[in-house]
Amino acid sequence: MRLRGLIRASNRRTHTSLPPPSCITIDAEVREAVQTNKPVVALESTILTHGIPYPHNLEMAHELNKIIRAEGAVPATIALVKGRPTVGATDEEIEYLCQPPKDESFIKVSRRDLAYAVAHGVTGGTTIAGTMILAHMAGIRVFATGGLGGVHRGSEATMDISADLEELGRTPVAVVSAGAKAILDLDKTFEYLETKGVHVSTYGPKGVNLPAFYSRDSGIPSPFNFETPKEAAAVIHTNSLLQLQSGLLFCIPVPAEYEIPAADINGVIERAIVSAEQEGIKGKAITPYLLNRILELTGGRSLKSNVGFVKNNIKVGASIAKALSEIEN
Ligand code: PSU
Ligand code: MN
């Protein structure tokens with residue numbers, strides 16, 4: 001790798017951000033790991049509060065923590081707990097987030113919702129955007145999850161574009177995911193990321209296309225590929241060295257055993273979008289609605305796929321975090 005010399009010559013402290021605001025709660029183990037440059041992986045919580053239904057969300061959350069620890073990294077679930085921005089939620093807090101309140105009072109927390117949620121003492125699941133913000137404040141640089149939000153189909157009329165894309169353009173955190181969600185307009189989503197200057201790379205040899213959430217191949221060429229966690233870590237490190245302040249997206253194709261081929265899922269997605277239109281679902285409700293409708297229409301197959309690739313992404317995310325800490329130690 002040509003980067004090797006650059007890495008050796010570097011000062012590993014270049015990524016340090018401002019001290020975290022006093023209103024955020026950072027778990028002691030996470031704080032210590034960040035300070036001593038041990039690998040930490042951030043996890044989001046919208047997937048728990050609005051993505052995957054109870055009790056599957058809770059089972060998954062426990063397993064994700066185990067996978068990260070087995071790789072030798074520290075997990076940090078990020079959420080708004082009763083108005084407290086929390087980095088490294090406890091088991092009790094995770095359980096609380098996973099059990100949906102009857103009055104649907106848990107909100108989805110993206111950048112625009114953060115100050116309100118803190119001021120009003122609200123509980124919420126942080127989206128990829130919301131999680132990136134808090135991870136960065138806490139000094140965490142690798143975050144693994146399911147699928148990115150993006151440019152919705154029909155955005156020419158609705159202008160519905162996820163704040164996840166803006167956040168990737170402005171916050172230096174590496175997001176490890178199965179690409180953008182297949183319910184989106186994937187071509188436009190990746191064009192938007194290019195405009196925002198986000199590094200996008202897919203796991204696999206040169207020529208492997210971008211994945212599409214439930215399916216391994218979106219048919220869209222990936223700007224870059226990486227073949228080892230170390231290669232991804234070298235790019236994260238260099239992004240810090242260059243002080244670019246933009247995020248990075250590492251896409252992991254769903255493992256074959258959990259894949260739903262595009263031919264099987266595309267019709268389902270189209271039907272789910274038609275139901276959403278008929279029911280007048282818009283704005284922040286659309287993503288949770290579609291994921292849930294797809295779950296119903298596939299008789300649970302999409303849920304199995306979703307949980308399967310989230311676990312795989314988290315495993316790769318932990319090895320990238322490990323490689324990053326090795327490069328910088
Ligand atoms: N991926 C999943 N389930 C989810 C999400 C992603 O497998 O619930 C969430 C993420 O938190 C992502 C959000 O940030 O959906 C995007 O929502 P929107 O399109 O409203 O920005
Ligand atoms: Mn939206």
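Me: How are residues and chains numbered, and what pLDDT is needed?
Reply: Residues are numbered from 1 along each chain as its sequence is written, while chains are lettered from A and ligands numbered from 1 in the order in which they are written. In this predicted model, local features need pLDDT of at least 70 and side-chain atom pairs count only at pLDDT 80 or more, whereas totals for chains, interfaces and linings use all residues.

Me: Which residues come nearest to ligand 1?
Reply: Thr46, Gly51, Gly146, Gly149 and Ser162 do, out of 18 residues around ligand 1; a residue counts if its C-beta atom, placed from the backbone, lies within 6 Å.

Me: Which helix gives the largest share of that shell?
Reply: Helix α3 does, with four residues. Helices are DSSP runs of H or I with at least four residues, and strands are E runs of at least two, numbered from the N terminus.

Me: Changing topic, where is Met159, and is Met159 buried or exposed?
Reply: Met159 lies in the loop between α8 (155-158) and α9, and its phi is positive, about 60°, although it is not a glycine. Met159 is exposed because 9 other C-beta atoms lie within 10 Å; the cut-offs are 12 or fewer for exposed, 20 or more for buried, and partly exposed in between, with C-beta atoms placed from the backbone.

Me: What about Gln245?
Reply: Gln245 is partly exposed, with 14 other C-beta atoms within 10 Å. Its phi is also positive, near 65°.

Me: Which peptide bond is cis?
Reply: The bond from Tyr54 to Pro55 is cis, with omega near 0°.
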